Amino acid sequence: MKPLNSIEITKLLERFDDFKESKIRSLEIISPTEIEMTFALQDRARGFDWITLTLLFSDVLDAKLIDTDKLDYVDMSDGVSILYEKGLFHFALGSYKTDISIKDALLFILSKSIKYNEGAF
């Protein structure tokens, strides 16, 4: 897995069109401080082919998750938001501009680091 740094967030979101119209394949709580999410989404760098992208959130400080049996019903038309504020990554489903507003999301994760891995569809 590759670490995501604050400078690469914009490039990652642009490459995957903010995860719009993606599908959450899985959400796994590995430990109280580690969460893994896997998405099926289109990759602009590969001619919009579908790929699998896994995000690993480490040193999780706060989170609001949804039941895994409800993942198929999540509307991903607004994509996701990833912000880096005050030394922390703020991830949420939906379009959010501030770290405070992210906590209003259906799902959010606040962590010290994010790693990602690309895979075949």
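**Starting from one lysine**

Guide: Lys-112 is found in strand β7; strands here are DSSP runs of E with at least two residues, helices are runs of H or I with at least four, and both are numbered from the N terminus. Quick housekeeping: this is a predicted model, where local features need pLDDT of at least 70 and side-chain atom pairs count only at pLDDT 80 or more, while totals for chains, interfaces and linings use all residues. Residues are numbered from 1 along each chain as its sequence is written, and side-chain values use heavy atoms, with hydrogens and water left out.

Back to our lysine. With a relative accessible area of 46%, Lys-112 is partly exposed; that label sits between buried (under 20%) and exposed (over 50%), using a 1.4 Å probe and protein chains only. If you skip neighbours within four places in sequence, Lys-112 is in contact with Ser-58, Asp-59, Leu-61, Leu-88 and Phe-89, where contact means heavy atoms within 4.5 Å. Take Leu-88: its C-alpha sits 4.9 Å from that of Lys-112, though the two are 24 residues apart in sequence.

Now for the strands. β7 pairs with β4 in the antiparallel sense over eleven bridges; to count as a pair, two strands need at least two bridges found by DSSP. One of those links joins Asp-62 to its bridge partner Leu-110 in β7. β4 also pairs with β3, again antiparallel, over ten bridges, and there Glu-34 has Ser-58 as its bridge partner in β4. The hairpin of β3 and β4 has five residues between the strands, and in it Gly-47 takes a positive phi near 65 degrees. Carry on to β2, which pairs with β3 in the antiparallel sense over seven bridges. These two form a hairpin with two residues between them, and Ser-31 has Glu-34 as its bridge partner in β3.

What about the nonpolar side of things? In soluble globular proteins, nonpolar side chains tend to be buried together. A nonpolar core here is a set of buried Ala, Val, Leu, Ile, Met, Phe, Trp, Tyr and Cys residues joined through side-chain atoms within 4.5 Å. The largest one has 30 residues, and Phe-19, Met-37, Phe-39, Leu-55, Phe-57 and Phe-91 touch the most other members. At least two residues of this core come from each of α1, β2, β3, β4, β5, β6 (88-93) and β7, with β4 giving the largest share, five residues. A second, separate core of five residues includes Ala-92, Ile-102, Ala-105 and Phe-108.

The whole structure holds five aromatic pairs. Phe-16 and Phe-19 make one that is edge-to-face, at 6.1 Å centre to centre and 80 degrees between the planes. Rings of Phe, Tyr and Trp (its six-membered ring) pair if their centres lie within 6.5 Å; planes under 30 degrees apart count as stacked, over 60 as edge-to-face and the rest as tilted. Phe-16 is buried too, at 1%, and ring pairs link Phe-16, Phe-19, Phe-39, Phe-57 and Phe-91 into a cluster.

A salt bridge is a side-chain nitrogen of Lys or Arg within 4 Å of a carboxyl oxygen of Asp or Glu, and the count comes to nine. In one of them, Glu-118 meets Lys-2 with the closest N and O atoms 4.0 Å apart. Glu-118 lies in β7 (residues 108-119) and Lys-2 in β1 (residues 2-4), so the pair ties together parts 116 residues apart in sequence. Arg-15 and Asp-43 form another, at 2.7 Å between the closest N and O atoms. Since Arg-15 lies in helix α1 (residues 9-15) and Asp-43 in β3 (residues 34-43), the pair ties together parts that are 28 residues apart in sequence. Arg-15 is partly exposed at 22%, whereas Asp-43 is buried at 0%.
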